[in-house]
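Dear colleague,

Please find below the structure that I am handing over to you, together with its sequence.

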Amino acid sequence: MSVILDNATAPFDRLTPEEAESLRGAMDIAYFRPNETIVAEGAAPEGLYIVIKGCIEEREQGELVGLLGPKDFFDSRAVVQGVGVSGFTAREETLCALAPRADVLRLINSNPRFGAFFYSDISRKLEALAQKDESSQIESMMRARVRDLYLMPAAIIDSFQSIASAGRIMRDIDCNALLVRDGERTGIVTGMNLSKAVVLKGMTIEEPVKSLAQFDLVTVEPDDFVSQVLLLMTKYNKRRIVVKEGDLYVGILEDINVLSFFAGNSQLVVGRIDRASTLTELSAAARQIAEQVRPLRRQGVKFEVVAEIISDLNRRLFAKLFDLLCPPEMRDKACLIVMGSEGRGEQTIRTDQDNGLILSEPVDEAALNRFREQFSAALAEFGFPPCPGHVMVDNPLWSRTIAEYMSDFRSWTTTPDEQSSMNIAIFFDAEAVAGDASLLARAKKDLVEKIANERVCLARFAKAIEAFEPPIGLFNTLKTAEGEGDALDLKKGGIFPIVHGVRSLAIEQGLEETNTFKRLAKLAELGMIKEDFARDLARALDYLMTIRLDAQIDAAKSASLLKPATLTSMDRDLLRDSFQIVKQLRELVRRRFNLHMF
Amino acid sequence: MALRWLMRKLDHVTLRDKSYRFLFEPGPPDEVVSIDCETTGLDPSRDEIISVAAIKIRGDRILASETFQAVVRPRVAIAAEAIKVHGLREIDVCNARPMIEIMPDLLRFIGGRPLIGYYIDFDIAMLNNDVAELLGIHLPNPRIEVSGIYYERKYGDAPPGTQIDLTFANILRDLNLPLFNQHDAFSDALMTAMIYVNLKDYVARDIRIARPRIKPSSDFHGM
């Protein structure tokens, strides 16, 4: 409501109206001309500054670490600790509202929720956000309607039909319940009713289903809310609700459908992949994998976990496809690998397929070619876009014998070009999904040894972390907060540097883990990086990947590009924190591999 | 200008209550007061103040923590048009004090500091009705018109025939300041203060406000 203090934004939304009013009454507004120092590095801040107009540079040891625009505030940590690490300078004419430190401290002490914001480090701030996320996700689910859910078919039989024929129909339509018409009334009979009748009551399978059916149907309309379905199921203790549109039965809603809408139904997909015996069946299951992402995210599941579930499903799918297509004589001589983000288990929304084949010895060329083509074509049909760099089984460069790979490694480690570094990165992230996994283990061991013997190779490899300038420069858009087309590249600016920095350290240590989060845990265990830094990095990566994933779910054209102007100030704050962590990692990698020598 | 100086001299002599002599002494250096009134209507000879807000500015800092704010009970009815502007109804002001009782506190708050405002002459004319009744004088404080500084910074060197826009919203837009809750005395005084510190810096550094060369032919909002 007020130009001085917007108490609709975090953390001021945690103040009571009286507290907000008292803080507002204590605030002044300060004007700064360009290049004027607002808070010097290491100085005691007068209070908490909230930007009204203009743009402010945040610097650490003279180096620019962030840009702040309207509604951003600084420096919460300095206010608590009495002295700040960063210095703040006006980049242009700037007006800031200033909440005196004493008043902010008083509120921090008297209002624990407000105080928590100031005391929390980045990790805890992120967790607070995740929780808020979760409640809003569930809220949006409760507003979903029955028509949004997957319904079982509503097949109708007559009450005089036999138990045997009901059982057959259930099997044919892959549904565990049938509607039963008995004159004017309609009931329902389930597979469990049929079994109990025969096993427990000793009925013969020739008897009609009429006596087994229950005629107390509970019905809803497609436009009803899902929350209502949950209430009805609880109230009437029913596992199935019938969906009716006017006089027409449109489907049966089982509790499992409702649950899977909330939780995703990855377990069902696993079963479907395992049971598939044809490409068509596998294709149906493959498409369901992609459908898991949205409900999982909607549930507020962290990126790391979503990625784990999805990559597990994908790997099962690849393994099954390998089983279906691989000629028997090749089976023991081949290892199917997934690489890149798929290998790290960090691909959720399908962006491309990075896969390959390692053979223990040369095999029949014609059979191999057939397999290569069928495999890649099937994946494309399943909805995995082909890899732009053509890192795919149907590319002979990525499906060859281990001996050929090893001779490639020699040229990768000695040729100082970008392609070589890229190949190393892709292959080092490989994970075996089918066939003889020891082939990959041997190949990777060889690669790591060759890299270790080429001293400059690893430094050249790690150098890529410097390929993209810190994205905080792009925060320029914040100064107008109107998003003039300037966007922030999450992938280049944050995700890639973390993944690649961690990968460089992982190669140096010869780690077997491929997943970045697992590599981080291992590196911390080995004492390569401090435990809390590893944790902050993991949280930052999880945060960056989560916002990218959410953007991908929203089907943005380029989900890696993010306009800071569209973010809340809380998100911008977290982004800045995340990018600062990325910067620290860049520094660490730079020192570790002496990158300044290049 | 000479007339106002003469009036000031005359007022100084005729000041009934000598305890208000501080109005004629210069205030603390580098301090001004941003002031805004909401009124029953737009005619200073007939209408009255119904709310007033004053904010001190010291150098580059707007002392929003040191403000004077009051709602006033007017002796005349509030015009319907005015209610639409500031949203204060009879019922909102009936429990307030009359301006004549509020004025001494306001005068002590502003002291001899220059007064700044947007169309400040109107606000001062409104205030003068009550100052005259109380002390038999006019407000002697120097006045600073923000739209005047803005005009000089933007149009001072403009060729004849340039379209001139001195609306409050336009000034805020040019200075990239948030438009906020206009026609609330405190918000208006605060926005005026922000305009002032910004323009004062422009004058000090001799920065001019750019004029668009051509008028945009269409507005792309909502496209």
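I begin with chain B, whose accessible surface amounts to about 11500 Å², with 57% of that area belonging to carbon and sulfur atoms. Please bear in mind throughout that this is a predicted model.

Chain B contains eight helices and five strands. Read from the N terminus, its elements follow the order α-β-β-β-α-α-α-β-α-β-α-α-α. Of the 223 residues in chain B, 46% are buried. Among the contacts in chain B with a separation of 6 or more, 68% are between residues 24 or more positions apart.

For chain A, the secondary structure comprises 24 helices and 20 strands. Buried residues account for 55% of the 598 residues in this chain. Its accessible surface is about 26500 Å², and carbon and sulfur atoms contribute 50% of it. Of the contacts in chain A with a separation of 6 or more, 71% join residues 24 or more positions apart.

Helix packing in chain A

One helix pair in chain A deserves a description of its own. Two packed helices are described by the angle between their axes and the distance between the axes. Helix α12 (residues 303-325) of chain A packs against helix α15 (residues 365-381) of chain A at an angle of about 140°, and their axes are 10 Å apart. Angles over 145 degrees would count as roughly antiparallel and those from 65 to 115 as roughly perpendicular, so α12(A) and α15(A) are classed as oblique to each other. The crossing of α12(A) past α15(A) is right-handed. On the side of α12(A), the contact is formed by F318(A), L321(A), F322(A) and L325(A), while α15(A) supplies F371(A), Q374(A), F375(A), A378(A) and L379(A). Sorted by class, the residues in this contact of α12(A) with α15(A) are eight nonpolar and one polar, with no charged residues.

Local backbone features

D75(A) is located in the loop between β6 (73-74) and α2 (76-81) of chain A. Is D75(A) buried or exposed? Its relative accessible area is 15%, and the cut-off for a buried residue is under 20%, so D75(A) counts as buried. Apart from its neighbours within four places in sequence, D75(A) makes contact with L48(A), G84(A), S86(A) and F88(A).

H390(A) is not a glycine, yet it has a positive phi of about 55°. This residue is found in the loop between α15 and β17 (399-401) of chain A; α15 of chain A is the helix that packs against α12 of chain A. With a relative accessibility of 34%, H390(A) is partly exposed.

In chain B, N176(B) likewise has a positive phi, of about 60°, although it is not a glycine. Its place is in the loop between α7 (168-174) and α8 (185-204) of chain B. The relative accessible area of N176(B) is 43%.

Yours sincerely

Terms used. Residues are numbered from 1 along each chain as its sequence is written. Chains are lettered from A and ligands numbered from 1 in the order in which they are written. This is a predicted model: local features need pLDDT of at least 70, side-chain atom pairs count only at pLDDT 80 or more; totals for chains, interfaces and linings use all residues. Side-chain values use heavy atoms; hydrogens and water are left out. Axes are lines fitted to C-alpha atoms, for helices over the stretch in contact, and angles run from 0 to 180 degrees between N-to-C directions. Helices (H or I, at least four residues) and strands (E, at least two) are DSSP runs, numbered from the N terminus. Angles under 35 degrees count as roughly parallel, over 145 as roughly antiparallel, 65 to 115 as roughly perpendicular and the rest as oblique. A crossing is left-handed if the near helix is turned anticlockwise from the far one by less than a right angle, and right-handed if clockwise. Contact means heavy atoms within 4.5 Å. Ala, Val, Leu, Ile, Met, Phe, Trp, Tyr, Cys and Pro count as nonpolar, Asp, Glu, Lys and Arg as charged, and the others, Gly among them, as polar. Buried means under 20% relative accessible area, exposed over 50%, partly exposed in between (1.4 Å probe, protein chains only). Accessible areas come from the Shrake-Rupley method with a 1.4 Å probe; for residues, only the protein chains shown count as cover.
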